Amino acid sequence: MIETSSSSLTRPKFMRKGELTRAAILDMALELSSRDGLEGLTIGLLAEKMKMSKSGVFAHFGSREDLQIEVVRLYHHRFEQEVFYPSIKEPRGLQRLQSMFARWVKLVSVEIALGCIYISGAVEYDDRPGAIRDHLVAMVQAWRDALYRCIKQSMEMGDLRSDIDVEQMVYEIYGLILALHHDARFLKIPGSVERAQAGFDRLIDSYRNPQTSAPAKAAGGKSAKSPAKKAA
């Protein structure tokens, strides 16, 4: 789950009492879903945590499924705020792709304590058709599309080779994040974050344009033997 402090990013400056209550319910619902999964989210448990009646919670959401979908939307919105939007402020090309991965890893390192809605949701809904699965798939695919576009831009800028199989590279980047989550959360292996970053640096080096290549930054953020190419 994204840290609670980021919830302020999702709220207008001025909200009515009912809107504040709904936002607070969603915050708690996201916390519970991150810990127990979307299927573990019940109106009864949520009402207990919020010190509200079940009917009071239902007054803000038409059904349990509507609540679960709103949780998915909230998680996706916060993911964009933490990872996507700050990254697209970077120059197009490899610098932006590196920012996307670094911020993604930083988010996963926070989520290790509880869990990731995208990853737990994939396990819960991989073979369960319906609106919740459709929303999860659409939002994960939107992020994969963003990675795809960023890789293509890196190729167009000359940072990466022009013959790259972009789908393969997206697959490999996504695989690093899944491995990080598995090793850090499930196996609790120390140094998993550093291994993920080292894997990404090695991946980038293997795809660099040899005519404009420069060594990737090390996991600690220090430059390698020669300085990286300045962003265009």
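This note goes through several local features of a predicted model, point by point.

1. Helix 4 covers residues 64-87, which makes 24 residues, and from its first C-alpha to its last it reaches 34 Å, close to the 34 Å expected at 1.5 Å a residue. Even so, the helix is not straight throughout, for at Glu80 helix 4 bends by about 40°.

2. Glu70 also has its place in helix 4, and this residue takes part in a network of salt bridges that links Arg22, Glu70 and Arg73. Is Glu70 buried or exposed? Its relative accessible area is 19%, and Glu70 therefore counts as buried, the cut-off for that word being under 20%. As background for a first reading, side chains of opposite charge can pair when their charged atoms come close.

3. Salt bridges occur elsewhere in the model too, and the count comes to eight. One of them joins the side chains of Arg128 and Glu39, with 3.5 Å from N to O.

4. Arg161 pairs with Asp163, and their closest N and O atoms are 2.9 Å apart; here Arg161 is partly exposed at 26%, whereas Asp163 is exposed at 55%. Asp205 forms a salt bridge with Arg208, for which the closest N and O atoms are 2.9 Å apart. In this pair Asp205 is partly exposed, with a relative accessible area of 39%, but Arg208, at 11%, counts as buried.

5. The loop between helix 8 (166-186) and helix 9 (192-207) holds Ile189, and Lys188 and Gly191 lie in that loop as well. Ile189 has a relative accessibility of 34% and so counts as partly exposed; together with Phe186 and Leu187, Ile189 makes a nonpolar surface patch of about 300 Å². Gly191 is likewise partly exposed, at 34% relative accessibility, and although Gly191 and Leu180 are 11 residues apart in sequence, their C-alpha atoms are 9.6 Å apart in space.

6. The last point concerns backbone angles. Which value does phi take at Lys188? Phi is positive there, about 55°, although Lys188 is not a glycine, and the residue counts as exposed because its relative accessibility is 63%, the cut-off being over 50%. Lys51, in the loop between helix 2 and helix 3 (54-58), also has a positive phi, near 55°, and is a residue other than glycine. Lys51 is exposed, with a relative accessible area of 78%.

How values were computed: Residues are numbered from 1 along each chain as its sequence is written. This is a predicted model: local features need pLDDT of at least 70, side-chain atom pairs count only at pLDDT 80 or more; totals for chains, interfaces and linings use all residues. Side-chain values use heavy atoms; hydrogens and water are left out. Patches are made of residues with over 30% relative accessible area and no salt bridge: like charges are joined within 9 Å, nonpolar side chains (Val, Leu, Ile, Met, Phe, Trp, Tyr) within 5 Å. Accessible areas come from the Shrake-Rupley method with a 1.4 Å probe; for residues, only the protein chains shown count as cover. A salt bridge is a side-chain nitrogen of Lys or Arg within 4 Å of a carboxyl oxygen of Asp or Glu. Helices (H or I, at least four residues) and strands (E, at least two) are DSSP runs, numbered from the N terminus. Buried means under 20% relative accessible area, exposed over 50%, partly exposed in between (1.4 Å probe, protein chains only). The expected span of a helix is 1.5 Å times one less than its number of residues. The bend at a residue is the angle between axes fitted to the seven residues ending there and the seven starting there.
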